[in-house]
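Have a go at each task before you read its solution.

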Amino acid sequence: MYEAVYAHPDGKSTVARFAKTAADYGFEGVVVRNHADARAAYDPERIREEYGIDVVEGVEIRADDRQQASGSVGNHRTTETIVGIHGGTNALNRFAVEQAKVDVLAHPMAGNGDVNHVLVKAAVENGVRLEFDLSGVLRESGGRRVRIIQSLRKLREIVDHYDAPYVVSADPTSHLELRAPRELYALGEEIGFAREFIEDGLAEWGRLAERNRHIDSESFIEPGVERGRYEEDS
């Protein structure tokens with residue numbers, strides 16, 4: 001299981017503090033998803049060795065329009081393992097799901113954002129993961145919490161219908177906001193999500209990181225073609 005976090009200066013805790021707490025809670029890895037204008041300074045290899053947990057370098061892009069978002073994706077795709085778009089508007093949600101270079105559409109139902117069948121079909125075609133952001137369920141109350149739960153259920157219905165790729169996160173900005181996997185399973189069941197759904201969404205961060213690292217490796221040429229494969233087979 002992996003969790004995607006906002007570390008200092010985008011959040012309140014350092015990457016190392018997040019990693020220590022996540023390891024204590026039973027996570028296998030953390031994705032550092034700081035926004036592009038608030039990058040964290042850290043040594044992923046040192047943290048991996050010290051805490052025995054995978055540290056995935058990522059970025060979440062905030063943009064005012066499609067053109068700005070497109071330029072940022074191009075700038076970060078070659079340097080980051082996971083590239084996400086901070087959604088929440090219909091324009092950016094649509095942009096994100098139409099880009100094969102984008103890994104995750106984050107917070108698609110936030111603000112004025114929405115997701116419909118057209119967008120989810122595009123996400124399936126381009127392999128863009130839709131995020132189920134549980135932070136509002138954990139940290140909001142009253143009518144706002146009810147509306148967030150309704151929007152998550154709507155998103156789940158469309159994702160289930162099209163078997164679309166997705167990730168799950170509590171979007172912690174502090175190690176104090178981290179929740180152990182078992183707590184997130186219990187939260188999911190409370191709002192009508194099966195344990196397996198939450199579990200798969202947490203695991204997807206790790207699968208995504210493994211895939212992208214493989215693609216970025218020197219041995220990878222294109223799907224089905226790798227350096228050294230034929231020599232080894234022979």
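**Exercise 1.** Work out how R211 and D103 are joined, and where each one sits.

*Solution.* This is a predicted model, so the distances come from predicted coordinates. Start with the contact: the closest N and O atoms of R211 and D103 are 3.3 Å apart. The cut-off for a salt bridge is 4 Å, and the pair does form one. Last, check accessibility: R211 is partly exposed at 35%, whereas D103 is buried at 1%.

**Exercise 2.** Find out which parts the salt bridge between D114 and K154 ties together.

*Solution.* First, the geometry: the closest N and O atoms of this pair are 2.9 Å apart. Then the locations: D114 is in the loop between strand 5 and helix 5 (117-126), and K154 is in helix 7 (residues 142-162), so the bridge ties together parts 40 residues apart in sequence. For accessibility, D114 comes out partly exposed at 31%, and K154 partly exposed at 34%.

**Exercise 3.** Describe the sheet, then say what helix 9 does relative to its strands.

*Solution.* Seven strands make an open, parallel sheet, ordered 1-2-3-4-5-6-7. Strand 1 (2-5) and strand 7 (166-169) are the edges, each pairing on one side only. From one strand to the next, the twist averages 30°.

Definitions and conventions. Residues numbered from 1 in each chain as written. Predicted model: local features only at pLDDT ≥ 70, side-chain atom pairs only at ≥ 80, totals over all residues. Heavy atoms only, no water. Pairing = 2+ DSSP bridges. Helix = DSSP H or I, 4+ residues; strand = E, 2+ residues; numbered from the N terminus. Axes fitted to C-alpha atoms, helices over the stretch in contact; angles between N-to-C directions. Contact = heavy atoms within 4.5 Å. Salt bridge = Lys/Arg side-chain N within 4 Å of Asp/Glu carboxyl O. Buried < 20%, exposed > 50% of the residue type's maximum accessible area, 1.4 Å probe, protein only.
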